[in-house]
Amino acid sequence: MTDYDVAIAGAGIVGMSTALWAQRRGHKTLLVDPNPPGSGASFGNAGTLATYACLPVNDPSVLTSLPALLFGKNSPLAISYRHALKNPRWMLSFLANCSAKRSHEISGELARLLSHADAGINPLIDEAGAEDLVVSAGQLSIWSSKSGADSAARGLALRRSHGVLFEELTTEEARTMEPHLALPVARAVFYPTARHITDPQELVRRMHERFEELGGQTLAQQVQRATPEADRVMIETGAETIQAGKLVVASGAFSGRIPGVGTDRLPLGTERGYHLMFASEAHRISRPVGWAEGGFYAVPMDQGLRIAGTVEIDAVHKPANPKRIAYLKRRAEDMFGNLPQPDSHWLGRRPTMPDSLPVIGTSPESMNVIHAFGHQHLGLTLGGITGRIAVDLVEGRQPNLDISGFRSDRRFLRL
Ligand SMILES: Cc1cc2nc3c(=O)[nH]c(=O)nc-3n(C[C@H](O)[C@H](O)[C@H](O)COP(=O)(O)OP(=O)(O)OC[C@H]3O[C@@H](n4cnc5c(N)ncnc54)[C@H](O)[C@@H]3O)c2cc1C
């Protein structure tokens with residue numbers, strides 16, 4: 001006998017989705033996290049259910065524009081060289097996965113998973129009574145420079161080839177849609193079926209509330225070690241040892257730090273991203289608008305205007321970098337004109353594998369451990385479907401989609 005059918009390490013959107021799917025299906029479920037549900041990367045993201053976003057950051061243009069990305073004053077990408085030198089495996093693998101061939105393959109894998117995203121998250125939104133947090137107003141993407149607009153063609157063609165629905169807009173149409181944009185508009189694309197969540201942390205909080213109403217239990221402790229056995233997993237938190245039939249590792253950017261679960265050998269990295277909140281400025285926009293050259297989204301949220309995005313490659317534990325916060329403020333003003341001082345700022349740690357694909361599958365070391373992490377820029381969008389797949393694996397069932405591309409023993413360095 002075990003204490004629980006399944007335990008989940010991590011109460012971000014991925015772990016919380018797994019827990020709610022598991023409890024709905026009648027499993028005795030324990031959610032373990034030392035921090036409140038939805039307080040990690042799932043707290044402050046841009047809130048987009050970005051089912052159109054099948055293009056990985058691994059893109060051939062990264063190789064050609066690397067000097068500008070690394071040294072440009074207005075670059076949305078920042079890299080700590082010290083960190084890069086200490087982690088050559090992640091960096092080299094990331095660059096190797098930027099070839100046109102790999103980028104094409106990765107986008108295909110992401111598109112297939114994204115096509116199931118709504119089927120994963122919608123039942124959980126209903127279950128949590130969170131329909132009021134979902135807005136169906138589409139998503140607008142803007143390129144402000146001629147070179148940016150031209151370089152978008154390849155990615156848009158790739159999206160179209162994967163069946164992503166979008167409309168090319170004229171400059172006037174884009175300005176009519178979002179009249180407060182101060183940017184030049186060289187190209188504009190509208191994704192009419194895109195939705196966004198007006199408070200991502202509130203979504204996780206309500207999912208957690210419903211999980212507990214259904215009988216799920218929560219333990220505010222950290223999983224420090226796990227030992228898989230033939231018919232169960234022994235889970236040590238420092239304060240106690242719990243026995244569960246299965247353990248799902250959904251600890252986001254920290255998933256590689258739990259000894260015994262077969263994740264420490266994986267090249268899991270972190271793409272750090274930031275947000276700024278302007279409480280009184282939500283009226284500037286009516287839907288999420290992504291500015292390609294700026295590397296961020298502007299989104300109307302319940303708490304105000306959120307400017308969220310950019311990528312900083314640095315150690316997971318480092319504090320927020322004031323230069324990246326200043327970058328976002330400066331570029332937000334390029335987008336909208338003068339803005340007041342932000343009311344708050346936030347650093348989030350996206351869990352990212354160097355091929356931009358998540359890890360979803362049974363651990364090669366034990367059938368009783370399931371991996372569910374590495375969702376990079378798409379965790380909010382893909383959390384629901386990942387949770388459903390993870391529970392299929394808990395039950396020893398074959399998911400209704402091919403997940404072989406997400407297995408943790410795949411080859412990461414493809415030269
Ligand atoms: C600026 C920014 C904008 C973004 N915008 C979007 C967007 O618009 N759309 C989208 O789909 N995605 C977006 N993302 C990505 C998305 O936020 C992440 O992919 C997602 O939140 C990852 O969820 P997670 O559950 O894997 O990790 P997290 O939310 O980080 O949760 C992991 C949890 O694990 C816990 N934990 C860690 N170690 C242990 C342990 N040993 N034991 C127990 N618990 C542990 C942590 O306390 C944490 O609560 C964005 C990210 C950023 C940073």
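Q: In which sense do E3 and strand E9 pair, and over how many bridges?
A: In this predicted model, E3 and strand E9 (residues 195-197) pair in the antiparallel sense over two bridges. Two strands count as paired if DSSP finds at least two bridges between them; strands (E, at least two residues) and helices (H or I, at least four) are DSSP runs numbered from the N terminus.

Q: Which residue stands opposite arginine 195 in E9?
A: Leucine 49 stands opposite arginine 195.

Q: What is the order of the strands in this open sheet?
A: The order of the three strands is E3-E9-E5, with antiparallel pairing. Strand E3 (48-49) and strand E5 (134-135) are the edge strands, each pairing on one side only.

Q: Turning to helices, at what angle do H7 and H12 pack?
A: Helix H7 (residues 117-127) and helix H12 (residues 379-394) pack at about 85 degrees, and their axes are 7 Å apart. H7 is therefore roughly perpendicular to H12 (65 to 115 degrees; under 35 is roughly parallel, over 145 roughly antiparallel, the rest oblique).

Q: Which residues make the contact?
A: H7 contributes Ala117, Ala119, Gly120, Ile121 and Leu124, while H12 contributes Thr381, Leu382, Gly384, Ile385 and Arg388; contact means heavy atoms within 4.5 Å.

Q: How do the residues of that contact divide?
A: Six are nonpolar, three polar and one charged, with Gly counted as polar.

Terms used. Residues numbered from 1 in each chain as written. Predicted model: local features only at pLDDT ≥ 70, side-chain atom pairs only at ≥ 80, totals over all residues. Heavy atoms only, no water. Axes fitted to C-alpha atoms, helices over the stretch in contact; angles between N-to-C directions.
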